[in-house]
Amino acid sequence: MIKIKYIKILVVLSLFSLGCSCNKNDDILLQAGEYKLTVPDFEFLKNRHKNQPVNAEYENQLIDNAYILAYAIDNRFDTISILSKKLMYGTRLYCSEVNGYVWNRKVKPYLKVSFGDINDVYEKQTTAYTLEYIYFPNSTCLNKYVTPGSKVESAESFNALKQRVASSKEIRQSMFQSSYPFYPFSIYTDKLFNAQKGDVWGPFETMEGYYVVQVTGIEPITRRPFKEEKARIENSLLDGLTQKFIWKSQREILSKMSPRMNNSAISLMAAKCIINRREWPGIDRNMVLMDYTFQGKTHHYTAADFMEFINCQPMFVGSPADANDMKNLMKDFLMDIWHFDEALKMGVETDKEFQLFKKNYQSKLFVNYYNEKSIYPKMELTTDEIKKYYNENQDNLKRFKTATISVYKFGDQQSAFESMNPITQHYKQSTQSLANPRFDPLLHGLNSLKENVEVQISDTTNSTILVNAIIGADTGRVLSPMKMNGEYWVVYLTHKSGEARLPYKYAKLEIERTLPAKKAQEARGQLLAELKVRYPLKINRLKEYNQKMKK
C-alpha cells in the first residue's frame with residue numbers, strides 16, 4: 001500500500017514537472033543553442049521598433065541573429081570587457097533619457113495639458129512676432145563680444161553687435177516667426193510675453209548656448225478653426241513643458257555635482273582628436289579634464305574616461321574634436337550617472353521592462369561585435385577588385401549624360417545648411433533670382449551664385465563628390481552642402497537627361513560604396529551556413545505565434 005502510494009506521488013510530481021516544462025517551452029518562440037527568444041522578448045522588440053513590419057523578412061532576421069547569439073553565448077561574449085562597458089553605458093542612457101526609466105516614472109505623469117491650457121494659447125495666438133537673433137555657442141565666445149554681466153537692450157546696440165560678430169564662423173545670425181507661447185525662447189525668458197516692436201534683450205542662457213534677440217516685426221495672423229489647431233497646440237505645449245523640465249533639472253543637478261572644467265586640457269584633447277578613428281595620439285590618458293562631486297565625494301574625470309565615453313555611449317550629439325562640444329558631452333555623462341543612481345534607488349534592477357531592455361541591448365551588442373570581428377574585415381576592397389568590378393559591370397554603370405544645376409557657394413557650413421529651406425521655397429514659389437544675397441536676408445554667408453551650370457558626365461574634371469551627389473538625386477531637389485575648395489556648396493538640380501557610361505573616376509566612389517555590402521552579404525551567408533550546422537534550431541514558433549496574434 002505504501003509502495004503504491006509512493007508511486008502515485010511520483011506520477012503526480014512528474015506530471016506537475018511536465019506541466020511546468022510545457023509552460024516554459026510555450027514561452028519560448030525561438031531557440032538556437034543556449035540562446036532563447038521568449039514571448040516577452042519578442043513583444044519588447046516589437047514595441048521598441050513599431051515602424052518595423054513583422055513579416056517573413058523580420059522573422060528571418062531574428063533567426064539569423066539567433067544563430068549568432070548562440071555562438072556568442074558559447075564563446076562567452078559576456079566576459080568581453082568592451083561589451084560589458086558598452087552595456088553599462090547603454091543601460092545608463094536608458095534610465096536617464098526622455099521616455100526612459102526615470103523620466104516615465106518621475107516626470108511624465110506630471111506633464112499634462114488641460115483643455116483650458118490649449119484654449120488659452122489658441123485665444124492668444126493672434127499675432128506673429130518676427131524675431132532676429134544672434135547666437136553664441138558658449139560663454140567664452142560670448143565674452144569676446146559682450147562684457148560679462150552687461151546687457152544688450154537697444155536696437156542700436158543689437159545692430160552694432162551684429163556688425164562686430166559678422167566675420168565669426170562660430171556665431172550664428174538668423175530670424176524666424178513665432179507666436180504665443182513663443183517657444184523655445186519663452187522656456188528661458190518671459191520677456192516675449194509683453195514685447196513690442198524694436199525690443200531687444202539678452203544675452204540669456206539656454207541649453208544650446210546664449211542668445212540676444214530683437215523683435216523686428218509684429219503682424220496679425222489668421223487662425224484656423226480651433227478643432228484643426230487643437231492637436232498642434234497640445235503637442236507644442238507638451239514639448240515646451242518637456243524642454244523646460246529638462247532645462248531646470250539639468251541646472252539643478254549640475255549645481256549639485258559642481259563640475260570644474262580644465263579648459264586647457266580639454267582644448268588640447270580636442271585638438272589631438274582624429275575623429276574617424278576615434279583616437280587621440282600623444283594624449284596622456286591620466287590627464288584630468290574635469291572634477292565633479294558625486295555621492296559626497298570628489299571624482300576626477302580623465303582623458304581615458306572621455307575616450308571610453310566616446311567609444312561606448314550608444315549615441316551622442318557633438319564632436320569630440322570641438323572643445324565646447326566636449327564640455328557638453330561631459331555634462332551628458334554627469335546627467336547619465338546621476339539619473340542611473342536615481343534609477344537604482346527606485347529598484348530598476350528588478351523592473352521587468354528594464355531586464356528585457358538589458359537582455360535585448362546586450363544581444364544587439366553581441367551581434368554587432370560578431371559582425372565587426374567576422375564580417376566587416378571581409379568588406380575591405382583592393383584597387384584590383386574595384387577595377388575588376390568596373391570592367392565586368394560597365395553595362396550596369398550607366399548614369400545621366402548631362403545635368404543642369406545652380407550652385408550656391410557659402411563661406412561656412414552652418415549658413416549653407418540654413419539656406420536649404422529658403423532655396424527650396426524659392427524654386428517652389430518664384431523665379432526671382434537670388435544672385436544678390438541682399439535680396440534675401442535668410443541667405444546669410446552666401447559668397448556667390450552660378451545658375452544653369454551644365455555638368456557633362458564625360459568631363460572628368462568635375463568633382464567626384466558633386467557628380468555622385470547628382471547621380472543619387474531627383475530633379476527639382478536641393479542637395480545637402482558639399483565642401484568644395486574651402487567653401488560649402490548647396491546645389492539645386494534643375495535637370496538630368498540622357499544615359500552614358502560612368503568614367504572610372506566617378507564609378508570608383510560608387511563601387512566603393514556598394515561592393516562592400518555585396519561582399520558582406522556573401523561572407524554573412526557563408527558564416528551563417530556554418531552556424532546553422534553547429535547550432536541547429538531547437539524551437540521555432542515565430543510564424544505560429546504571429547499568425548495567432550493576428551487573429
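A search of the whole structure, which is a predicted model, finds zero disulfides. A disulfide would need two cysteine sulfur atoms within 2.5 Å. The sulfur of Cys95 has its closest cysteine counterpart in Cys312, at 17 Å, which is too far for a bond. Cys273 is likewise in no disulfide, and the nearest cysteine sulfur to it also belongs to Cys312, 15 Å away. Cys95 counts as buried because its relative accessibility is 0%. Cys273 is buried as well, with a relative accessible area of 12%.

| Residue | Relative accessible area |
|---|---|
| Cys95 | 0% |
| Cys273 | 12% |
| Asp351 | 15% |

Asp351 sits in the loop that connects helix H12 (323-345) with helix H13 (352-375). Its side chain makes a polar contact of 3.4 Å with the side chain of Arg105. Beyond its neighbours within four places in sequence, Asp351 is in contact with Tyr101 and Arg105.

Strand pairing involves E7, E8 and E9. Strand E8 (residues 288-294) runs antiparallel to strand E7 (residues 260-261), and two bridges join them. Met261 has Met290 in E8 as its bridge partner. E8 is also antiparallel to strand E9 (residues 297-302), to which six bridges join it. Tyr292 stands opposite His299 in E9. E8 and E9 form a hairpin with two residues between them. Gln295, in the turn of that hairpin, has a positive phi of about 55°.

Notes:
Residues are numbered from 1 along each chain as its sequence is written. This is a predicted model: local features need pLDDT of at least 70, side-chain atom pairs count only at pLDDT 80 or more; totals for chains, interfaces and linings use all residues. Side-chain values use heavy atoms; hydrogens and water are left out. Helices (H or I, at least four residues) and strands (E, at least two) are DSSP runs, numbered from the N terminus. Buried means under 20% relative accessible area, exposed over 50%, partly exposed in between (1.4 Å probe, protein chains only). A polar contact is a pair of N or O atoms within 3.5 Å; within protein, one must be able to donate a hydrogen and the other to accept it, and residues adjacent in sequence count only if both atoms are side-chain atoms. Contact means heavy atoms within 4.5 Å. Two strands pair if DSSP finds at least two bridges between them.
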